[in-house]
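Please consult the sequence and the structure shown here alongside the text.

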Amino acid sequence: MTKEEKKSSGLKTMLLAVVLPLIVVCLLVLFFVAPLFGFDVIGSSKQWAQDVPVLSSLVSEEEVPSTETPNDLRAENSSLQVELEQTKSQLEEATQRLQDTQEQLDQAQANAAEVEEGTNIETTDMTVAERNKQLAKTYEQMSAKAAAAILNELTVDEILTQLKDVKTETRSAILAKMEAPLAADVVRAWSDEVN
């Protein structure tokens, strides 16, 4: 082996035995021991890389999410459980209000149906009364003979209803022109109503 080869071999050995382990120890100290003394190697390195024009495009500005401790997670879990209970309570209250409102709506609809039914009955009653008055006017304008011919075709109850609002003079003239047995039944029915 020549001198140069021995020198080169010694240099390689020194590099592998001394320099490389020294570099590893320095890196370990920088990244693991320095943060214990308050020196932020990673943050400083990022800041330095952002200041260098070529390296700034490689360094992202996003923050690395910090790791949460179990105590932080327990506290967050507790606050979320409290919030969940409050939301459940609000939901139950809203559901109860909805049921109450639905009951009120059902009651209002039932009342509206009753009022509408009562209005229909009153309207029907008024319509019947108005119709009877119109019919009475019609009989008063007709001749007694023509009115009697129409009434001879009806039942006693129908005749009583139709002649209810007719004036007494017109009624007696119509009865005089009606068939005698039917006129007698009508008079008998009127007298029964009066008694």
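The model is a predicted one. The salt-bridge count comes to 1. This salt bridge joins the side chains of Arg188 and Asp185, with an N to O distance of 2.8 Å. Both residues belong to helix H8, where they are 3 residues apart, about one turn of the helix.

A negative surface patch is made up of Asp157, Glu158, Asp192 and Glu193. Two elements, helix H6 (156-162) and helix H8 (180-194), each give two or more residues to this negative patch. Glu193 is located in helix H8. Glu193 is classed as exposed because its relative accessibility is 59%, the cut-off for exposed being over 50%.

Asn152 is placed in the loop between helix H5 (144-151) and H6. Its relative accessibility is 19%, so Asn152 counts as buried, given that buried means under 20%. A polar atom of the Asn152 side chain lies 3.1 Å from the backbone nitrogen of Glu179.

The table lists relative accessibility for residues discussed above.

| Residue | Relative accessibility | Class |
|---|---|---|
| Glu193 | 59% | exposed |
| Arg188 | 48% | partly exposed |
| Asp185 | 33% | partly exposed |
| Asn152 | 19% | buried |

Arg188, at 48%, is therefore partly exposed, and Asp185, at 33%, is likewise partly exposed, since this class covers values between the cut-offs of 20% and 50%.

Note on methods. Residues are numbered from 1 along each chain as its sequence is written. This is a predicted model: local features need pLDDT of at least 70, side-chain atom pairs count only at pLDDT 80 or more; totals for chains, interfaces and linings use all residues. Side-chain values use heavy atoms; hydrogens and water are left out. Patches are made of residues with over 30% relative accessible area and no salt bridge: like charges are joined within 9 Å, nonpolar side chains (Val, Leu, Ile, Met, Phe, Trp, Tyr) within 5 Å. Accessible areas come from the Shrake-Rupley method with a 1.4 Å probe; for residues, only the protein chains shown count as cover. A salt bridge is a side-chain nitrogen of Lys or Arg within 4 Å of a carboxyl oxygen of Asp or Glu. Lys and Arg count as positive and Asp and Glu as negative; His and the chain ends are not counted. The place of a charge is taken as NZ of Lys, CZ of Arg, CG of Asp or CD of Glu. Helices (H or I, at least four residues) and strands (E, at least two) are DSSP runs, numbered from the N terminus. Buried means under 20% relative accessible area, exposed over 50%, partly exposed in between (1.4 Å probe, protein chains only). A polar contact is a pair of N or O atoms within 3.5 Å; within protein, one must be able to donate a hydrogen and the other to accept it, and residues adjacent in sequence count only if both atoms are side-chain atoms.
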